[in-house]
Amino acid sequence: MKRKDALRAALGARSLDRETPPAELPAGNPAETPAAAPDTTPEAPRPLVRSGAVGAMGRSLGRIASAAAEARAMVASGDRVVELETALVDGSFVKDRLSVDPEDHAAFVALIRERGQQVPILVRPHPTEAGRYQVAYGHRRLRAAIELGRPVRAVVKTLSDEDLVVAQGQENSARADLSYIERALFAIALEDRGFDRATVMAALAVEKTQLSRLLGIGRAVPADIVAAIGPAPKAGRPRWTALVEALAREGAGDVIARVLATPDFSDLSSDDRFARLFSALTAPAPRPAPVPAVWTTLGGRPVVRIDRGRQGTQLTVDDSLEPDFAAYLIQSLPQLYAAFAESKTRDETD
């Protein structure tokens, strides 16, 4: 089978060799369950929601709806859906998410509890541990099954490492499920594991230039900053590019340390953490406060402090050093101003 056909088969597409029976499951598999008939009930329209628990439920409904075609394709292509004990299933060897939104996860688990797992996950026999499996995609469904104490419904395929990461990446890309920085870190993880650029581009469904930008930005942001910010789903390439430029400014390290140390930083949403750090890094540098001058007497006593600011100049007389000098200055103001005006007129006529 050609490589492109192997990748299509890994992603659940109908094989060109349509008469070939499915491969037998490895010994020790739980008994397979008959594949359910496709649900022909029209999908309910996705509710218009904004945030909070209702918003999380809406997002989960949308993801389940978008996965319905995937389940129908698996059934139509003859893939068998089996039930696996979750204790036998390991995650992918490449991490693709920074964190899981608690509200989204709770809403997703609630839907699985109410409706059951309608979309199977894709796994392969574990390459090094007999009797175990490794997820290509469906980590959220696996976590929900674990939390609910249920077996997870899965399609088992023999996949190479390349096939697995392509399937994993393309599922996330198709559903726009990963943020920009998560896609960048996924690309870096694949490259660091030795996958060639063609495989990485296929996994992320990007072109060569787009991949170069992902890798460049992902490697330019320190890991501790990414961990502190999180996925920041609303921050796309332009904002991450601007953040990279801001990180190179003089004094950026002190600004980062100050922002990350604020008591409420970790309580903010990921997008708000990004916005706060970015605003602090790009804010105009404060002008240093002018250093006050001091007028001293011939004896070296600092009698008058001179503070110059945008609003004017302030003279402060130390009465403890020269108790009567302030009163003398006030009385002498008319004569001093007259001398100043005369000097100014003379300068203008010269």
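Predicted model: local features only at pLDDT ≥ 70, side-chain atom pairs only at ≥ 80, totals over all residues.
Student: Which residues does Leu 243 touch, not counting residues up to four places away in sequence?

Tutor: Leu 243 is one of the residues with the most contacts inside the largest nonpolar core. Ile 229, Phe 274 and Leu 281 are also among the residues with the most contacts there. With residues up to four places away in sequence left out, Leu 243 touches Ile 229, Phe 274, Phe 278 and Leu 281.

Student: How many residues are in the other core, which lies apart from the largest one?

Tutor: This other core has among its members Ile 121, Val 123, Tyr 133 and Val 156. Its size is 12 residues.

Student: Is Ala 205 buried or exposed?

Tutor: Ala 205 lies in the loop between α7 (197-204) and α8 (208-220). Its phi is near 55°, a positive value in a residue other than glycine. Most residues other than glycine have a negative phi. Because the relative accessibility of Ala 205 is 56%, and the cut-off is over 50%, Ala 205 counts as exposed.

Student: Is Ala 232 buried or exposed?

Tutor: Ala 232 is placed in the loop between α9 (223-229) and α10 (237-247). Here too phi is positive in a residue other than glycine, with a value near 45°. Since the relative accessibility is 0%, and the cut-off is under 20%, Ala 232 counts as buried.

Student: What accessible area do Ile 330, Leu 333 and Leu 336 have together?

Tutor: Ile 330 lies in helix α13 (residues 325-349). With a relative accessible area of 59%, Ile 330 is exposed. Ile 330, Leu 333 and Leu 336 form a nonpolar patch on the surface, and their accessible area together is about 310 Å².

Student: Which residue in β7 stands opposite Ala 293?

Tutor: Strand β6 (residues 293-296) pairs with strand β7 (residues 302-309) in the antiparallel sense, over four bridges. Opposite Ala 293 in this arrangement stands Ile 306.

Student: What phi does Gly 300 take in the hairpin of β6 and β7?

Tutor: The hairpin has five residues between the strands. In this hairpin Gly 300 takes a positive phi, near 90°.

Terms used. Residues numbered from 1 in each chain as written. Heavy atoms only, no water. Helix = DSSP H or I, 4+ residues; strand = E, 2+ residues; numbered from the N terminus. Buried < 20%, exposed > 50% of the residue type's maximum accessible area, 1.4 Å probe, protein only. Core = buried A, V, L, I, M, F, W, Y, C linked by side-chain atoms within 4.5 Å. Contact = heavy atoms within 4.5 Å. Patch = residues over 30% accessible without salt bridge, like charges linked within 9 Å, V, L, I, M, F, W, Y side chains within 5 Å. Areas by Shrake-Rupley, 256 points an atom, 1.4 Å probe, with all protein chains shown as cover. Salt bridge = Lys/Arg side-chain N within 4 Å of Asp/Glu carboxyl O. Pairing = 2+ DSSP bridges.
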